[in-house]
Every structure is written in C-alpha cells, then in structure tokens.
Amino acid sequence: MDRWTDRVVLVTGASSGTGRSIVAELSKYPLKIVAVDREIISIQKLSDELQSAVAKIYPVQCDFTRESEIVNVFKWIETTIGQGVSVTINNVGTSIKSNILDGETNDWKYLFNLNVIAVTICCRESYKSMQKYDITDGHIININSTAGYTMLPSPGEKVYNSSKTALWYLTEGLRHEIVHSGSKIKVTSLNLGKINNEGVGSVGENKKSILSMKPERVASMVIVALIQPSDVVMGELTVLSVGETLQAYPPPNIIIN
C-alpha cells in the first residue's frame, strides 16, 4: 500500500455495512479517505471513531440519485484537499424486492439510479479527476454482486439482478474505454456473494443466512486488489463464503399431473 501514501481514496456508500468496513480497513494506512454517503451523521460518527487512525478521514454528504451532488463531491475534493482522486471504490448501491409483473416503476428507477447511473457518473468523474491531475496509476473498484451473472431464486429479485448485470457490463466497458484511451488506470469488479451487511435489504435474506461473509472480509479483498504490482490488474475478483455456490436453485413449485 506504500504507493498510495498521502493520496486521495474515495469510498461511496461509506456510512454502514461493507462501505464502513472498507473505510475502517483503509484507515490503517496513511491515506486521505473521502467517505461519502447520504447519512452524514453516520459518516461523521465513523470519522470520530477513527480519529486515532493513521489515515485522515473526510466525511462528505451526497445524495447519489442527484448528479449535481456527485459532481460537487469531486469539486469539493479538488478545492478542499487540492488533489485528484487516485482510488475510487464505488460501493454505493441498494436492493429492493419488486416483481416484474406487478412491481412499482419508482422502485425500478431507484434501483437503476443508485446501482448503475450513480456508479457510471462516479466512474466518469473519477477518470476526469485522474486525467486532470496526471494520475496515471489510478484504480477504480466497483463493488458488484454475483447477482450480476447468476439468477437469484426468490420472486421480486429479478430487477435487482438486472441492475447488477448492467454494472458488470459497465465495469468491463469502462476498462475497454480506458484501454482504448491509452491510459493505464486499473479497473476491478469485486463480485460478492452473500454479505451479512446491515446496508443490504432483504434480497436473499442475507442477514439470516449462515453462508454470508462479514463486511470485514470484503474490505480485506479491496486491499488485495490495491496491492497488486503496477503491471497487473485484478479485473474480476469473486468472493464467496466457504460452502456457498454461485448459482442458487429455487425449490420446485410446479406440479405436472
């Protein structure tokens, strides 16, 4: 982690669960961590708890469904810290159970706004920040889910599935565009199985599952991605609990006479 010393690391969705654990893990290193989420009180509390940490924590409030607020986060970093973003960890996201057959359109829009559009904006603004400050070795890590390439079994989870599949393609597409531009900025998709995460809703009933990872395990995988040699990128990193499988199978519910 030495090469990231005194550099800006942006963590979105930082107020609870996985995001909170990522900030806590990163705080062990001499970094400038910009912890962003809608709940400023929670982020401020985390910052206070980590006052004795090696890193400097900057709590910033942002509603990620509003493009102007996301853009303002990057402006704030530039004017307040005086640096560009070297690492972005896109952890912001949500899960809502909503059927395709009778679900609410607003729920679908919210899912895609937060899980896809907000992350896309953060990727764009991160790249612009790195370019402006000549950060040639930057790293963008998108926290995704195995739901991006496997079908969750329970009713009401298919739109969530779709948003995570979109995020998978977005991340690979970002890598394509960066390579095409001639940049050496790294892009990683960290694909997670079930997480014992207070920030996740009821999808898969993860909070009740025995086979679910602690958020701290995810944070350690972020470090693994960041410490790779300059000529190596972990493009895809899938992390499961021991005993968990990628594909879950629903119980049969159709009886043929």
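Visitor: Over how many bridges do strand S6 (residues 186-192) and S7 pair, and in which sense, parallel or antiparallel?

Guide: S6 and S7 pair in the parallel sense, over four bridges. The model is predicted: local features need pLDDT of at least 70, side-chain atom pairs count only at pLDDT 80 or more, and totals for chains, interfaces and linings use all residues. Residues are numbered from 1 along each chain as its sequence is written, and side-chain values use heavy atoms, leaving out hydrogens and water.

Visitor: What makes S7 an edge strand of the sheet?

Guide: An edge strand pairs on one side only, as S7 and strand S3 (56-61) do. The open sheet has seven strands in the order S3-S2-S1-S4-S5-S6-S7, with parallel pairing. Strands are DSSP runs of E with at least two residues, helices are runs of H or I with at least four, and both are numbered from the N terminus. Within the sheet, strand S4 (residues 85-90) pairs in parallel with strand S5 (residues 139-145) over four bridges, and Asn90 faces Asn142 in S5.

Visitor: Why are helix H1 (residues 17-26) and helix H6 (residues 215-226) assigned to their orientation class?

Guide: Their axes come within 8 Å and cross at roughly 50°. Axes are lines fitted to C-alpha atoms, for helices over the stretch in contact, and angles run from 0 to 180 degrees between N-to-C directions. Angles under 35 degrees count as roughly parallel, over 145 as roughly antiparallel, 65 to 115 as roughly perpendicular and the rest as oblique. H1 and H6 are therefore oblique to each other.

Visitor: Which hand does the crossing of H1 and H6 have, left or right?

Guide: H1 passes H6 in a right-handed crossing. H1 contributes Gly17, Thr18, Ser21, Ile22, Glu25 and Leu26 to the contact, and H6 contributes residues including Pro215, Val218 and Val222. Contact means heavy atoms within 4.5 Å.

Visitor: Why are helix H4 (residues 105-132) and helix H5 (residues 158-181) placed in their class?

Guide: They pack at an angle of about 15°, with axes 9 Å apart. That angle makes H4 roughly parallel to H5. H4 passes H5 in a right-handed crossing. Among the residues in contact are Trp108, Phe112 and Tyr127 of H4 and Tyr160, Leu167 and Ile178 of H5.

Visitor: How many residues of the contact of H4 with H5 are nonpolar, polar and charged?

Guide: There are 14 nonpolar, five polar and one charged. Ala, Val, Leu, Ile, Met, Phe, Trp, Tyr, Cys and Pro count as nonpolar, Asp, Glu, Lys and Arg as charged, and the others, Gly among them, as polar.

Visitor: What is the crossing angle of helix H3 (residues 67-81) and H4?

Guide: The axes cross at roughly 25° and come within 10 Å. H3 is thus roughly parallel to H4. The crossing of H3 and H4 is right-handed. Glu67, Ile70, Val71, Phe74 and Glu78 of H3 take part in the contact, as do residues of H4 that include Arg124, Glu125 and Lys132. By class, this contact of H3 with H4 has six nonpolar, two polar and five charged residues.

How values were computed
Pairing = 2+ DSSP bridges. Left-handed = near helix turned anticlockwise from the far one by under 90°.
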